[in-house]
Amino acid sequence: MPHPGTMPPLPRSIAHLDMDAFFASVELLRYPHLRGQPVVVGGRRALATTAGQEFPCLRDYVGRGVITTATYEARALGVHSGMGLMKAGQLAPDALLLPADFEAYRHYSRLFKATVREIAPHMEDRGIDEIYLDLTALNPDGTPDGARRIAQQLQHAVLEATGLSCSVGVAPNKLLAKLCSDLDKPAGITIVTAADLPARIWPLPARRINGIGPKAAARLETLGITRIGELAAADPAWLQEHFGERYGIWLHRAAHGDDERPVVTESEPKSVSRETTFERDLHPRTDKADLSLHFTRLCEQLAADLARKGYLGKTIGLKLRFDNFHTVTRDQTLAMPTGDAATIRRAAGECARRVPLDRRIRLLGVRVSGLVRPGDIPPHATHTPTQAELFA
C-alpha cells in the first residue's frame, strides 16, 4: 500500500523499437529498384559481376563471410543473419549480394535515435538498430489505445526522418516488449498487457524469450518444453534442478512475464573497440602491407568513434585470432588518456610485438578502455605525452 498522501505508481508502459531488416533497408534507400527482391548484405568487399549484371548473385560468393542481414524476401528462402554466405548461396543462389557499409548504418542509427528521443526522451540504447523506451509518463493511464497512439507517432517520425520502417512492441516490461516487437514485422505494432499473457505469449516457442539461447532451448526441448506456456506451468523446483537455482528461477519468472528491470538512460561504456575478420587469412610476413593497412584503418575508425562519443582512453588493447582459431589479447596502459589514431596505432603495435607472429591471422581487433571524458582530466595533465611517457 502506498504511504498516506502519496500517489500510487503509474502502470509501466515500456516499448521496444526495432528497425526492420535495418542494414538491408538502408541499402534499399540507395537502390530502391531492388525492393521486393531477395537481397543479402554481407562481407566487406564488392564482388565482380558478370556481363549484364548490376549486382553479383549469392551463388558467385566464395569465402567465409557471413550474412549481416537480409531482406524479408531473402529470409523467406531460408537465409538469416549469421549464416555463412556460401551456405546461403545453396539456399538462395539468385539472391543479390551487397557488401556491408557500416558507416552508413551508423549514420542512420544516430538519425533514428535522435528522432525518437525528441518524442520519448527516456531511452535506453541497446544497439545499432534497437532501443527501449519508457513511455509511462506519456501514457499515464497505461491504456493499450494510448500505447498504440504513441507507437504510431514514433513510427511516423522515424519514417519521415530516415525513410525506414520500424516495429514497436509495448508491454508492462522490457522482456515482454522485446518479444512483442518481433511478432508483427515489418512495420508492426504489438501491444500486450498482463491479461494478454495466456493468449498472446504462452503459445509462442520458448526460444523466443530473450535470454533463452540455443543450448537452453535444446535442453528444454529434451525435457518436453517447447512453448512458453509449458515453461510457465513447470514446477520452479524442477527447473532449478535441471538449470541451476539462479537460471531456473529466472526461467520461471520470464515465462510469467515478470521483469522489473528499469529503462537505463545513462550507461557509461567500459571500452570502445573495432575488429575485422579478413576474407582470407593474412600472414604477418608475406601480407605485411595488407595487415598494416587494416591495422591503421581500424585505429583511425576507433579514434573517430571515441571523438563522436566524447571519450579518451588510457588502455589500448590488441586482439588477434589465428588460422587455428587460437585467440590472444594484449594491452598497453599509457601515461595519459588519448583519442589520437597515431597514438593508438603505436600502442597497439607495441602489443603486437609481444605476440609470436608465426601463423596466419584470421581476425584483428583494437580496443580502447579506461575511458574518461576530456573535461575530467586535470589541467596539469593535459600536456602532450612524450614517446617515453606513452609506453611508461
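User: Why is Thr-338 called buried?

Analyst: In this predicted model, Thr-338 has a relative accessible area of 8%. Buried means under 20%, so Thr-338 is counted as buried. Thr-338 has its place in strand β11, residues 327-338.

User: What makes a residue a contact of Thr-338, leaving aside its neighbours within four places in sequence, and which residues are they?

Analyst: The criterion is heavy atoms within 4.5 Å. Leaving aside neighbours within four places in sequence, Thr-338 is in contact with Leu-306, Leu-312, Gly-313, Ile-316, Thr-343 and Ile-344.

User: How far apart are the C-alpha atoms of Thr-338 and Pro-374?

Analyst: They are separated by 9.2 Å, and the two residues are 36 residues apart along the chain.

User: How do you know that β10 and β11 pair, and which way do they run?

Analyst: Pairing requires at least two bridges. Eight bridges join β10 to β11, and the two strands run antiparallel, so they count as paired. Leu-318 stands opposite Arg-330 in β11. The hairpin of β10 and β11 has four residues between the strands, and Phe-325 takes a positive phi near 70° there.

User: What joins β10 to β12?

Analyst: 10 bridges join β10 to strand β12, residues 361-372, and the strands run antiparallel. Ile-361 in β12 is the bridge partner of Phe-322.

User: Why is β10 called largely enclosed by the rest of the structure?

Analyst: Strand β10 covers residues 312-322, and eight of its 11 residues are buried, so the strand is largely enclosed.

User: How do you know whether Asp-281 is buried or exposed?

Analyst: Asp-281 has a relative accessible area of 18%. The limit for buried is under 20%, so Asp-281 is buried. Asp-281 is placed in strand β9, residues 271-282. Apart from neighbours within four places in sequence, its contacts are Arg-64, Asp-287, Asp-323, Arg-360, Ile-361 and Arg-362.

User: What makes both faces of strand β2 count as covered?

Analyst: In β2, residues 39-42, Val-39 and Val-41 on one side are buried, and so are Val-40 and Gly-42 on the other. In a regular strand the side chains alternate between the two faces of the sheet.

User: Which strands does β2 pair with, and how do you know?

Analyst: Three bridges join β2 to strand β4, residues 96-98, and these strands run parallel. Three bridges also join β2 to strand β3, residues 67-70, and these run antiparallel. A pair needs at least two bridges, so β2 pairs with β4 and with β3. Val-41 stands opposite Leu-98 in β4, and Gly-42 has Ile-67 in β3 as its bridge partner.

User: How do you know on which side of α11 the buried residues lie?

Analyst: The buried residues of helix α11, residues 245-255, are Gly-248, Leu-251, Ala-254 and Ala-255. They cover an arc of only 130° around the axis, so they lie on the same side of α11. An α-helix has 3.6 residues a turn, so residues three or four places apart point the same way.

User: What do the two faces of α11 meet or carry?

Analyst: The buried residues of α11 pack against α6 (174-181), α7 (197-201), α9 (228-233) and α10 (236-243). The face turned away from the buried side carries the exposed residues Glu-245 and Arg-246. Gly-257 follows α11 and has a positive phi, near 70°.

User: What makes up the lining of the largest pocket?

Analyst: The largest pocket has a volume of about 1,600 Å³. It is lined by 44 residues, of which Arg-106, Asp-125, Asp-305, Arg-308 and Lys-309 lie nearest its centre. By class, the lining has 12 nonpolar, nine polar and 23 charged residues. The largest share, 10 residues, comes from β9. At least two residues each come from α4 (102-119), β5 (123-127), β9 and α12 (288-309).

User: Which residues are closest to the centre of the second largest pocket?

Analyst: The second largest pocket has a volume of about 790 Å³. Of the 29 residues that line this pocket, Asp-18, Arg-75, Lys-178, Asp-182 and Lys-185 are the closest to its centre. Its lining has 11 nonpolar, eight polar and 10 charged residues.

Notes:
Residues numbered from 1 in each chain as written. Predicted model: local features only at pLDDT ≥ 70, side-chain atom pairs only at ≥ 80, totals over all residues. Heavy atoms only, no water. Buried < 20%, exposed > 50% of the residue type's maximum accessible area, 1.4 Å probe, protein only. Arc of directions from axis to C-beta. 1 Å grid on protein atoms, 1.4 Å probe; cavity = no way out; pocket = protein on both sides within 12 Å on 5 of 7 lines; lining within 4 Å. Points joined across faces, edges and corners; volume = space filled by probe spheres on them. Nonpolar A, V, L, I, M, F, W, Y, C, P; charged D, E, K, R; others polar.
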